[in-house]
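Dear colleague,

I am handing over the structure we discussed.

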Amino acid sequence: MFKTRLLSGILLVILALITVISGGKILFATLFIISMIGLYELYRVFEIQNKGIGICGFLFAAGYYALLYAKPLLPDTTDWFMMLFMAFLICLMAVLVFSFPQYRTEQVLAAFFGVFYVAVMLSYIYQTRMLAGGVFLVWLVFICAWGCDTCAYCVGMLIGKHKMAPKLSPKKSVEGGIGGIAGAALIAVLYALAINHWGKAGVNILSFAVIGAVGGAISQVGDLAASAIKRNHDIKDYGKLIPGHGGILDRFDSVIFTAPIIFYLTVLL
């Protein structure tokens, strides 16, 4: 099991390196595919993956990515995105009304929530990569998410005593959580020093420390949020796509929350 998990992890890192460094269409297409798979995994939890409201979700997720890709060509995209999501909500309500009582209210809410939670939030990896200096900034998403997770695990194993969320994730500790935040901040600082020295990036080290700490804290919320959904529906993993890791949502649960936070923090700081 450990060997399988390790090999899968190495392949994921290689895939991340190839797609993120390439950027542009390759990264965009990869994220679109990942988002659609993740959306399918979430919809399967609510048993709507092959039903009308689920199909609506897939179509509007694709519409969102099409609009995102066309964003540079449009003068003002805010109204376009608002219209897209209003149309999505109206479409879901229409399906609910005209097929009543086929769907439960929580299934309709899950269909709407899923597009925003998976497709929109994951797309911020691409949006961060497209920023000025994005070739350096985008790696903060993974540093905060996976770096925090690793540091939290190590610190928790060594000195963890106080449970963070005993009913939801008994193995996670407050000490581990703090260690994860500190670890993510430290890794971000080391990363800033490295890209300033070898990449002549000229980034602010203090800003990277703040981004690392905040991103690390948010990543833990994302991890626990994904676990909460699984616990509510008595499932262990969202899928089996990645051997040893589960599904897309099992591996990218913290990244989903971290990506938009990193985008806006880098813009602000």
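This is a predicted model: local features need pLDDT of at least 70, side-chain atom pairs count only at pLDDT 80 or more; totals for chains, interfaces and linings use all residues.

Core. The largest nonpolar core comprises 73 residues. Those with the most contacts inside it are L122, I125, L140, F208 and V255. Helix α5, residues 105–129, supplies the largest share of this core, with 13 residues. For L122, once its neighbours within four places in sequence are set aside, the contacts are L31, I34, S35, Y65, F252, V255 and I256.

Helix pair. Helix α4, residues 78–98, packs against α5 at an angle of about 150°, and the two axes are 9 Å apart. Because angles over 145 degrees count as roughly antiparallel, α4 is roughly antiparallel to α5. The crossing of the two helices, α4 and α5, is right-handed. On the α4 side the contact is made by F85, F88, L89, L92, M93 and L96, which meet V108, A111, F112, V115 and V120 in α5. The residues of this contact divide into eleven nonpolar, no polar and no charged.

Single residue. V267 lies in helix α10, residues 248–268. V267 and G24 are 243 residues apart along the chain, and their C-alpha atoms are separated by 19 Å.

Regards

Terms used: Residues are numbered from 1 along each chain as its sequence is written. Side-chain values use heavy atoms; hydrogens and water are left out. A nonpolar core is a set of buried Ala, Val, Leu, Ile, Met, Phe, Trp, Tyr and Cys residues joined through side-chain atoms within 4.5 Å. Buried means under 20% relative accessible area, exposed over 50%, partly exposed in between (1.4 Å probe, protein chains only). Helices (H or I, at least four residues) and strands (E, at least two) are DSSP runs, numbered from the N terminus. Contact means heavy atoms within 4.5 Å. Axes are lines fitted to C-alpha atoms, for helices over the stretch in contact, and angles run from 0 to 180 degrees between N-to-C directions. Angles under 35 degrees count as roughly parallel, over 145 as roughly antiparallel, 65 to 115 as roughly perpendicular and the rest as oblique. A crossing is left-handed if the near helix is turned anticlockwise from the far one by less than a right angle, and right-handed if clockwise. Ala, Val, Leu, Ile, Met, Phe, Trp, Tyr, Cys and Pro count as nonpolar, Asp, Glu, Lys and Arg as charged, and the others, Gly among them, as polar.
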